[in-house]
Amino acid sequence: MSHDDSNSNSDTDIDAVTLEIMRNQFEGVSEEMGQVLITSSYSPNIKERRDCSTALFDAEGRLVAQAEHIPVHLGAMPEAVDTVLDYDPEPGDVFVLNDPFEGGTHLPDVTMVSPVTVEDEILGYAVSPALTTPTSGGWTPGSMPAGAQEIYQEGIRLPPVRLVKRGEVNDDVMSLLLANVRNPGERRADIRAQIAANERAEERLGDLVEEHGRERVVSAFDAVISYSRDRLLAELDDLPNGTYSAHDVMEGDGISDDEIPIEVSVTVGDEEIEVDFSGTAPQVPGNVNAPLAVAKSAVYFVIRCVTDPEIPPSEGCYDPVSVSVPDGSLLNPQPPAAVVGGNVETSQRVTDVVFSALAEAALDRVPAQGQGTMNNLTIGSRGGGDDGFTYYETIAGGFGGRPTKDGMDGVQVPG
């Protein structure tokens, strides 16, 4: 039964029971998006490895709910939505992007951002980043060339562009994309799966508007974000105020074996956490540079681990967290830096170094360092068209010991 919108026009109207119901409904939308993407895709990386994420944002571009998929997308999806908002999205559009300097992480991760339109008005945004190894072309099958020194060598670079405009697929954009990738048939199927996942979000959000009324849904967006923020702030009360620092290095960049320093200072206050990477090395010639979105994702992941991982992931979790990184550094490189390894290797080292900094403040919640790598294995053929193949895998390794338990073997470390 629909409710009268006039009776519910602010987050103060959302009582605790209704908030919990609607929060789970929003998370259910994100989870169902993920199921559509996984079951409809063709590539092993989505269907079997599930290297993808799905999320729901409000009309202002604030994260409302995210399915529990890939940690590295925590900070990347908000960056993608912020960038798409600059392109004046309209109802019926679907934007595709992978540019690490315009809302992406690295070129193999292709993100779809769709306005969610209900009653002819944009109510929010559906987002679905996914990694498929034939995605972006480049020197080698898998689009992860170890010796790349410029992003142009890593594959086709897509700033936000309308793949679908007002409900109609832009065949010119589709043709351009498929002409620059290996296994174009598989890639076309994955693109359709991502679009279908975003369309499912629009269907389900329309159902929620019919059930609760538009104004109550919008109010619930605000209430969910406030709820996450309040819970994170409560967790900060358990961490002693102070500044905590740590240092680590990347052991080479694929071009040389010179150590590459990563420095961090984490300042814990009553209502905020400031994470400062001043002192981190300048960007390097090799491909271990990590875009700012990747560095933020690593930080957000650690903050969730040392507070309460059960806090619903939304904009409210990250509002109290500020991340400062020098321009032109390893963790905030400028074009045309190569970055494909930053997403899969440097992200792990950033996670380790922020954990190390917070160990003094939250020793009972911080594990010892694990393998510190995603152990990427990429294989493929040079066959043209759909006759070739590409396969990508991250090999499991060791997870560090915990304060009250041993570490674990043969697991995927945070990434």
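Helix axes are lines fitted to C-alpha atoms over the stretch in contact, and the angle between two of them runs from 0 to 180 degrees between their N-to-C directions. The views below all show a predicted model.

**View 1. Helices α1 and α6 cross at roughly 95 degrees.** The axes of α1 and of helix α6, which spans residues 214-236, come within 10 Å of each other. Because angles from 65 to 115 degrees count as roughly perpendicular, α1 and α6 are described as roughly perpendicular to each other. On the α1 side the residues that meet α6 are Thr 18, Leu 19, Met 22, Arg 23 and Phe 26, while on the α6 side they are Arg 216, Val 217, Ala 220, Phe 221, Ala 223, Val 224 and Tyr 227. Sorted by kind, the residues of this contact are nine nonpolar, one polar and two charged.

**View 2. Helix α1 also packs against helix α5.** Helix α1 covers residues 16-40 and helix α5 covers residues 184-212, and their axes lie 8 Å apart at an angle of about 155 degrees. Since an angle over 145 degrees counts as roughly antiparallel, α1 and α5 are roughly antiparallel to each other. The crossing in which α1 passes α5 is right-handed. In the contact of α1 with α5 there are 13 nonpolar residues, together with five polar and four charged ones.

**View 3. Ile 21 is a residue of helix α1.** Is Ile 21 buried, exposed or partly exposed? Its relative accessibility is 46%, so Ile 21 counts as partly exposed. Although 199 residues separate Ile 21 from Ala 220 in sequence, the C-alpha atoms of these two residues are 10.0 Å apart in space.

**View 4. The largest nonpolar core of the model has 60 residues.** As general background, nonpolar side chains in soluble globular proteins tend to be buried together. The residues with the most contacts inside this core are Val 113, Val 264, Val 266, Phe 277, Leu 331, Val 354 and Leu 358. Which helix gives the core its largest share of residues? Helix α7, made of residues 292-306, supplies that share, with nine residues. When neighbours within four places in sequence are left aside, Val 354 is in contact with Val 264, Val 266, Phe 277, Val 299 and Val 302. Another core, of 30 residues, lies apart from this one, and among its members are Leu 19, Cys 52, Leu 56 and Ala 126.

**View 5. Helices α7 and α9 pack at an angle of about 40 degrees.** The axes of α7 and α9 are 9 Å apart, and the two helices are oblique to each other. The crossing in which α7 passes α9 is right-handed. From α7 the contact draws on Val 294, Ala 295, Ala 298, Val 299, Phe 301, Val 302, Ile 303, Cys 305 and Val 306, and from α9 on Gly 342, Asn 343, Ser 347, Val 350, Thr 351, Val 354, Phe 355 and Leu 358. The residues of the contact of α7 with α9 comprise 13 nonpolar and four polar ones, with no charged residue.

**View 6. Thr 346 belongs to helix α9, which runs over residues 340-358.** With a relative accessibility of 0%, Thr 346 counts as buried, because the term applies to values under 20%. Which residues does Thr 346 touch once its neighbours within four places in sequence are left aside? Thr 346 is in contact with Met 250, Ile 262, Val 288, Ala 290, Leu 330, Leu 331 and Gly 341. Thr 346 and Val 411, by contrast, are 65 residues apart in sequence and 19 Å apart in space, taken from C-alpha to C-alpha.

View 7. The relative accessible area of Asn 375 is 27%, so Asn 375 is partly exposed.

Note on methods:
Residues numbered from 1 in each chain as written. Predicted model: local features only at pLDDT ≥ 70, side-chain atom pairs only at ≥ 80, totals over all residues. Heavy atoms only, no water. Helix = DSSP H or I, 4+ residues; strand = E, 2+ residues; numbered from the N terminus. Parallel < 35°, antiparallel > 145°, perpendicular 65-115°, else oblique. Left-handed = near helix turned anticlockwise from the far one by under 90°. Nonpolar A, V, L, I, M, F, W, Y, C, P; charged D, E, K, R; others polar. Core = buried A, V, L, I, M, F, W, Y, C linked by side-chain atoms within 4.5 Å. Buried < 20%, exposed > 50% of the residue type's maximum accessible area, 1.4 Å probe, protein only. Contact = heavy atoms within 4.5 Å.
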